[in-house]
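Colleague: Could you take me through this structure? I would like to start with how contacts are defined.

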Amino acid sequence: MAHADEAAIFNKDEAKVDWHDKALWFVRQKRDKSAHNVQGWEELRNLASALKANVLSNLDTYLLQFEENAKKNGVTVHWAANAEEHNKIVHSILVKHGVKRMVKSKSMLTEECHLNPYLEANNIEVIDTDLGERIVQLAKEPPSHIVLPAIHKKKEEVDVLFQEHLGTKPCDGDPQYLTGEARKHLRDKFLKAEAAITGVNFAIADTGGFVVCTNEGNADMGVHLAKVHIACMGMEKLIPQEKHLGVFLRLLGRSATGQPITTYSSHFNKPAPGKEMHIVIVDNGRTEQLSREDFRASLHCIRCGACMNTCPIYRRSGGHSYKSTIPGPIGSILSPGLDLKKHSSLPFASTLCGSCSDVCPVKINIHEQLYKWRQIIVKEVPQPGVKKNILKIAGRVLANSAMYHVAGKSARFMLKYAPRFVIYSKLNAWGKARDLPEVKNGNFDDWYKNRKKNE
Ligand code: SF4
């Protein structure tokens with residue numbers, strides 16, 4: 001189904017849509033306040049964007065440098081061309097160590113590769129330890145947001161879910177009780193896990209180390225207790241030097257939730273004595289995106305989620321309506337690069353207001369890239385006949401002033417006098433949720449001529 005149809009499902013529950021919209025707007029406002037408290041915020045954004053552009057222009061060099069340094073630190077480095085290879089590599093490491101139970105902190109890359117179902121099909125228990133991720137895992141749903149995976153769920157729904165899966169008592173959605181119960185449940189899983197998987201927020205080329213940012217400390221807990229640590233990273237996650245971390249860490253927390261810094265910014269450099277550390281570097285379509293001049297800047301993304309929180313379409317359609325691992329404005333640029341036909345409706349799920357580009361900490365020109373995809377899609381993906389014909393007629397009318405004049409007059413007449421069921425028909429998708437503005441007498445042309453006459 002196209003995004004608009006998926007969004008219509010989410011929109012059936014109006015109260016939930018309003019609440020979802022408000023909750024995300026609240027996060028967006030927190031981001032604004034936090035950003036305004038930093039002197040030189042725009043300089044930071046410029047710097048981050050320039051650093052990422054440098055990384056992408058020299059990606060081969062930085063990747064090899066990172067691999068060399070990580071190996072020197074005693075880390076095993078693996079390369080995966082696609083999701084399938086990634087999953088096989090992770091599985092083979094787990095098999096080598098006889099792992100049957102493992103914990104995982106939040107990693108959008110492993111979501112992208114569908115690692116959980118792959119491992120579960122191979123009889124390995126995977127427990128997501130980020131609270132939001134655990135909630136959606138219990139609900140058998142994908143995350144709906146990259147930073148707030150369960151933002152589409154109300155606390156009362158979590159209450160029912162925990163009663164069903166964790167045997168908790170009904171509590172009217174008391175967050176303190178629910179988090180306490182989740183802590184007990186997860187602690188047990190941490191203690192029994194034989195391996196821990198984490199994502200990678202920033203990989204540092206000149207040290208071979210990497211940083212994982214969480215607000216719950218779950219990545220650290222998993223890694224410190226398990227004997228094997230597997231870190232899965234997209235190949236664009238590199239930064240050149242450790243000193244550049246300050247730029248990105250200041251931007252990430254503030255852009256994501258309005259916090260000055262993510263609560264835990266954990267540095268991993270080498271395995272602890274007697275333990276193993278692996279890094280899996282994944283391509284999965286990134287090289288191809290890099291080769292697309294108009295879209296390569298989308299690889300600057302540091303997955304802060306700010307573009308989602310500000311997007312009027314995302315806020316009122318929910319993350320699941322995108323049917324893609326990364327939803328929202330940035331997902332609508334990345335997903336068509338992976339499967340143009342399947343995700344062809346996503347670049348149209350935008351007002352092109354540019355708010356996403358305004359808040360993006362690494363200055364990705366998101367709305368411009370969405371517009372570029374639209375231009376490609378209308379040429380390469382068959383469009384509905386009605387839409388094509390209407391646009392063809394509109395093109396002719398707009399190109400001819402006499403026809404434009406007549407069409408304007410007829411439209412004004414129709415909007416005033418035609419019965420409502422004619423105007424608000426299937427052809428007027430806009431009218432599904434709102435009334436058209438009242439039509440004024442006359443048009444700009446007449447008004448201008450009259451004005452000139454009376455001067
Ligand atoms: S595109 Fe920019 S705003 Fe959106 S998640 Fe990525 S870094 Fe954040």
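Modeller: Two residues are in contact if their C-beta atoms, placed from the backbone, lie within 7 Å. Please keep in mind that this is a predicted model.

Colleague: Which residues does G208 touch, not counting those up to four places away in sequence?

Modeller: G208 touches F66, N69, A70, K72, N73 and V75. Although G208 and K72 are 136 residues apart along the chain, their C-alpha atoms are separated by 8.1 Å.

Colleague: Where is G208 found, and is G208 buried or exposed?

Modeller: G208 is found in the loop between β5 (202-204) and β6 (210-214). A residue is buried if 20 or more other C-beta atoms lie within 10 Å of its own. G208 has 22 such neighbours, so G208 counts as buried.

Colleague: Turning to the open sheet, what is the order of its strands?

Modeller: The 6 strands have the order β1-β10-β7-β4-β2-β3, with parallel pairing. At the edges stand β1 (76-80) and β3 (125-128), each with a single partner strand, so one side of each has no neighbour in the sheet. From one strand to the next, the twist averages 20°.

Colleague: How many bridges join β7 and β10?

Modeller: Strand β7 (residues 228-234) pairs with β10 (residues 276-282) over 7 bridges.

Colleague: Finally, which residues come nearest to the ligand?

Modeller: Of the 15 residues around the ligand, C301, C304, C307, I330 and C360 come nearest. The shell divides into 12 nonpolar, 2 polar and 1 charged.

Definitions and conventions
Residues numbered from 1 in each chain as written. Predicted model: local features only at pLDDT ≥ 70, side-chain atom pairs only at ≥ 80, totals over all residues. Near = placed C-beta within 6 Å. Nonpolar A, V, L, I, M, F, W, Y, C, P; charged D, E, K, R; others polar. Helix = DSSP H or I, 4+ residues; strand = E, 2+ residues; numbered from the N terminus. Buried ≥ 20, exposed ≤ 12 C-beta atoms within 10 Å, placed from the backbone. Pairing = 2+ DSSP bridges. Axes fitted to C-alpha atoms, helices over the stretch in contact; angles between N-to-C directions.
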